[in-house]
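Walk through this model from its overall build to a handful of individual positions. Keep the sequence and the coordinates side by side as you read.

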Amino acid sequence: MSQAFRLVAWNIRAGGGVRVDAIADALLDWRGDAIVLSEFRATQASSTLAQALSAQGYPFQIDTTHQVKHGGNALLIAAREPIRKVGLRRYPTEPGRWCAVRLQKTRLVICGLHVPNQHTGRKPKFHDEVLALMQRWRGGPAIIAGDTNSGRIGEDEETSIFNQRTTSWFDEIHNAGWADAFRLKYGMRREFTWYSPGHDNGFRLDQAFVSPRLTDCVADCQHIWAGGRDDTRRDRVSDHAAVIVDICLP
C-alpha cells in the first residue's frame with residue numbers, strides 16, 4: 001500500500017527577517033512531511049523560525065549554519081519524523097549549501113541544496129559535484145530539492161540569462177535517470193519561481209529532482225507563492241515561490 005509524502009522546498013530570503021511569522025504560517029498551511037529551507041541563517045530570526053516549526057510538529061531538524069558567519073546563507077531540513085545525516089562518500093563541498101538526510105521511518109533520502117550564483121565563479125564546480133553524485137547514486141529513493149539558480153535556455157526564463165552549460169546540466173541529470181518533478185508532471189508549461197526586482201522578468205530557479213526509483217511515484221509538483229499569485233502580493237513573504245512535491249511512496 002502506497003504512502004503519501006509531501007516535501008516543501010523554499011528559499012525564505014535572507015534568513016526570514018521580520019517575515020518569520022508569515023513564513024512559519026505558510027509552511028504550516030502547506031502541511032509538508034519534510035521541509036527544506038534555503039537562505040536559512042544563524043540569526044535570531046532564523047532561530048525563531050526553527051523554534052516555531054519545532055513547536056508545530058517539526059521537531060527533527062538539521063541545519064548547515066556557520067556559528068561564526070551568522071549572516072551566511074545555509075540550509076535547514078525539518079521533518080515530522082526522526083532524521084539523520086547521510087554520510088556520502090563524495091558530495092558538494094560548498095560550505096553550507098548541501099545537506100543530505102534520511103528519514104527514519106520512510107527511509108527516503110532528502111537532499112537540500114542551494115547552488116551559488118553565476119557571478120561567484122563557484123557554480124560550475126557545484127553543478128559538477130551534484131551531477132556526479134546523481135550519476136553514481138545507489139542509495140534508494142531520494143529527492144534533491146532547493147534553489148539551483150539554474151534553468152534551461154528559453155524554457156525557464158523570460159529574459160535570456162541561462163547558457164548552454166546550465167541547459168546541459170539538466171540534460172545530464174535526465175540522462176542519469178533523475179527527473180525534474182515539475183517537468184515530469186507538466187511538460188513544457190512555463191511557470192516561474194523568482195522575478196527580477198524592478199524588471200519583473202520571471203525565472204524558474206527552484207527545482208526538485210526525484211531519483212530513478214521515484215519517477216513513477218510523483219503525484220504532483222506545484223510552485224506556490226506564500227502571498228498569492230497576483231503581482232501586488234507575490235513576494236510579500238519571500239521573493240521565491242516554494243516548490244511542493246507530492247509523492248506516493250511505494
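Start at S150. Leaving aside residues up to four places away in sequence, S150 touches K123, H127, F162, W169, F170, R204, L205 and Q207. Contact here means heavy atoms within 4.5 Å. S150 sits in the loop between β8 and α4. Helices (H or I, at least four residues) and strands (E, at least two) are DSSP runs, numbered from the N terminus. S150 counts as buried, at 0% relative accessibility. Buried means under 20% relative accessible area, exposed over 50%, and partly exposed in between (1.4 Å probe, protein chains only). A polar contact of 2.9 Å links the side chain of S150 to that of H127. Such a contact is a pair of N or O atoms within 3.5 Å; within protein, one must be able to donate a hydrogen and the other to accept it, and residues adjacent in sequence count only if both atoms are side-chain atoms.

A word on the basis of all this. The model is predicted: local features need pLDDT of at least 70, side-chain atom pairs count only at pLDDT 80 or more, and totals for chains, interfaces and linings use all residues. Residues are numbered from 1 along each chain as its sequence is written, and side-chain values use heavy atoms, with hydrogens and water left out.

Now step back to the whole protein. It has five helices and 14 strands. Its C-alpha atoms fill a box of roughly 45 × 40 × 35 Å along the principal axes. Of the 250 residues, 55% count as buried. Among contacts with a separation of 6 or more, 67% join residues 24 or more positions apart.

Next, the surface and the charges. The accessible surface comes to about 11300 Å², and 48% of it belongs to carbon and sulfur atoms. Areas come from the Shrake-Rupley method with a 1.4 Å probe; for residues, only the protein chains shown count as cover. There are 32 positive and 28 negative side chains, and the centres of the two sets lie 7 Å apart. Lys and Arg count as positive and Asp and Glu as negative; His and the chain ends are not counted. The place of a charge is NZ of Lys, CZ of Arg, CG of Asp or CD of Glu.

Return to the neighbourhood of S150. One of the residues that S150 touches is K123. K123 belongs to helix α3 (residues 123-135). Is this lysine buried or exposed? K123 is buried, with a relative accessible area of 5%. Its side chain reaches the backbone oxygen of N149 at 2.4 Å. K123 and N149 are 26 residues apart in sequence, and their C-alpha atoms are 8.9 Å apart. Beyond four places in sequence, the residues K123 touches include V115, P116, T148 and T166.

N149 itself lies in the loop between β8 (142-147) and α4 (164-175). N149 is buried too, at 13% relative accessible area. Its phi is near 50°, a positive value in a residue other than glycine.

E39 also has a positive phi, about 60°, although it is not a glycine. E39 is part of strand β2 (residues 34-40). At 15% relative accessibility, E39 counts as buried.

Outside four places in sequence, G15 touches V20, E39, R41, T43, A45 and S46. G15 is in the loop between β1 (3-11) and α1 (20-30). Its relative accessibility is 0%, so G15 counts as buried. G15 and A45 are 30 residues apart along the chain, with C-alpha atoms separated by 6.6 Å.

P82 lies in the loop between β4 (74-79) and β5. P82 is buried, with a relative accessible area of 18%. Its contacts beyond four places in sequence are F60, R102, L103, Q104 and K105. L88 lies in the loop between β5 (83-85) and β6 (98-103).
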